[in-house]
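This briefing walks through some helices and strands of one structure. Look at the sequence and the 3D view first, then read the points below.

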Amino acid sequence: MKSALLGEGSSAPVQRGLATSASSAPTLAKPPSGFARPTSGGWVPSARQWGLILLFHLCLAGAHAAPKLAVTATVGMVADLVSSVGGERVQVESLMGPGVDPHLYKATASDVNKLQRAQVIFYVGLLLEGKMQDLFNRMARTKRHVYAVTEGVPEDLLLEPPEFEGHYDPHVWFDVPLWSRCVEVVVKGLSEADPAGREFYAARGEETRRRLAGLHDWVVKRIAEVPDGRRVLVTSHDAFNYFGRAYGFKVVALQGISTVNEASAADMVKLVDFIKEHRVPAVFVESSVPPNTIQRISKDAGVKIGGELFSDAMGTPGQMENGYDLGTYEGMIRHNVNTVVNALK
Ligand SMILES: [Zn+2]
């Protein structure tokens, strides 16, 4: 605002006036020396002066606009969902960037600060952020607006594979319509924290659901290129059960549902046998899990690595691939589906 008001040639004295007192405002009402003076009557601002006056009022309007709602999210997928619903009314920050494994992630002191400062907190839940759950429970006792977005998914649609030992599988974002059900929690959370934006969030939530439905249709069409018998997804950890259920893939993973337990030698032998027996065309590494075990499997089974899939973290923001930003949820889904289809079809 300061620099907009200061024309070229304005120097220190003017700047001090603006910074330290209200005396700068009245100076705009009468022509400062050097401004064009009309030949008769009162002061008529020149075009440039009108510009300055307009800018001044725009600055005032800007200063009076409501500050953005400060939201902290855990993983990028949640931050993306909140940005999509919250638009310009929110300022979203995510704690975990590209390549970070949420199963193992522990909050740093700076994360705790960010969470404490946030007006609203969103996380995936279902113990995806296993080592942060206690922290969220504690936060929820003192803060009103702490939400697990998977609260929006009905329990009967959640998977409970045996290796999860009584817990639900948290990787719901790979079933696009299921992820779309989480929009409701984001709309509710933002509206509770910022009631003046209620209609705005509801409309953008609706628009987000429409976009996700379009993405789902694209996935279904693309997946149809892979013949039924070749729809087997071999990866390092169990992030793709919902993807498998939604899009008709058999999913075989080396590690169980979380990355906390490492695969045993016996697991590796079993997986190599499975790949040979079923003539699986390719296996996949994941961006948030070290690739060495899958590389080993690929070698032992004599099968190619079909590419790298995003599992529990999105890509780098701004990195484009086929016109999609890999640092977005949509880019993540399109990258994975293209990678899987190109390797298996
Ligand atoms: Zn995972």
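An axis here is a line fitted to C-alpha atoms, for a helix over the stretch in contact, and an angle runs from 0 to 180 degrees between N-to-C directions. The model is predicted. Two packed helices are described by the angle between their axes and the distance between the axes.

**Helix α10 and its partners**

- Helix α10 covers residues 198–223 and helix α14 covers residues 329–344; their axes come within 10 Å and cross at roughly 5°.
- Angles under 35 degrees count as roughly parallel, and α10 and α14 are therefore roughly parallel to each other.
- On the α10 side the contact is made by L215, V219, R222 and I223, and on the α14 side by E330, I333, V337 and V341.
- Of the residues in this contact of α10 with α14, six are nonpolar, two are charged and none is polar.
- Helix α5 also packs against α10, at an angle of about 125° and with the axes 7 Å apart.
- That angle makes α5 oblique to α10.
- Here α5 contributes S84, V85 and G86, while α10 contributes Y201, R204, G205 and T208.
- The contact of α5 with α10 divides into four polar residues, two nonpolar and one charged.

**The four-stranded sheet**

- Four strands form an open sheet in the order β2-β1-β3-β4, and the pairing is parallel.
- At the edges are β2 (90–94) and β4 (146–148), each of which pairs on one side only.
- On average, neighbouring strands of this sheet are turned by 20° against each other, direction ignored.
- Three bridges link strand β3 (residues 120–123) with β4 in the parallel sense.
- Y123 has A148 of β4 as its bridge partner.
- Helix α5 (residues 76–86) packs on the sheet, where it touches β1 (69–73), β2 and β3.
- The direction of α5 makes about 175° with that of β2.

**Strands β5 and β6**

- Strand β5 (residues 232–235) and strand β6 (residues 250–253) run parallel and are joined by four bridges.
- V232 has K250 of β6 as its bridge partner.
- Between these two strands the chain passes through helix α11 (residues 241–247), and this β-α-β crossover is right-handed.

**Helix α12**

- After α12 comes R279, whose phi is positive, near 45°.

Methods
Residues are numbered from 1 along each chain as its sequence is written. This is a predicted model: local features need pLDDT of at least 70, side-chain atom pairs count only at pLDDT 80 or more; totals for chains, interfaces and linings use all residues. Angles under 35 degrees count as roughly parallel, over 145 as roughly antiparallel, 65 to 115 as roughly perpendicular and the rest as oblique. Two residues are in contact if their C-beta atoms, placed from the backbone, lie within 7 Å. Ala, Val, Leu, Ile, Met, Phe, Trp, Tyr, Cys and Pro count as nonpolar, Asp, Glu, Lys and Arg as charged, and the others, Gly among them, as polar. Two strands pair if DSSP finds at least two bridges between them. A crossover is right-handed if, with the strands pointing away from the viewer, the path from the first strand over the helix to the second runs clockwise.
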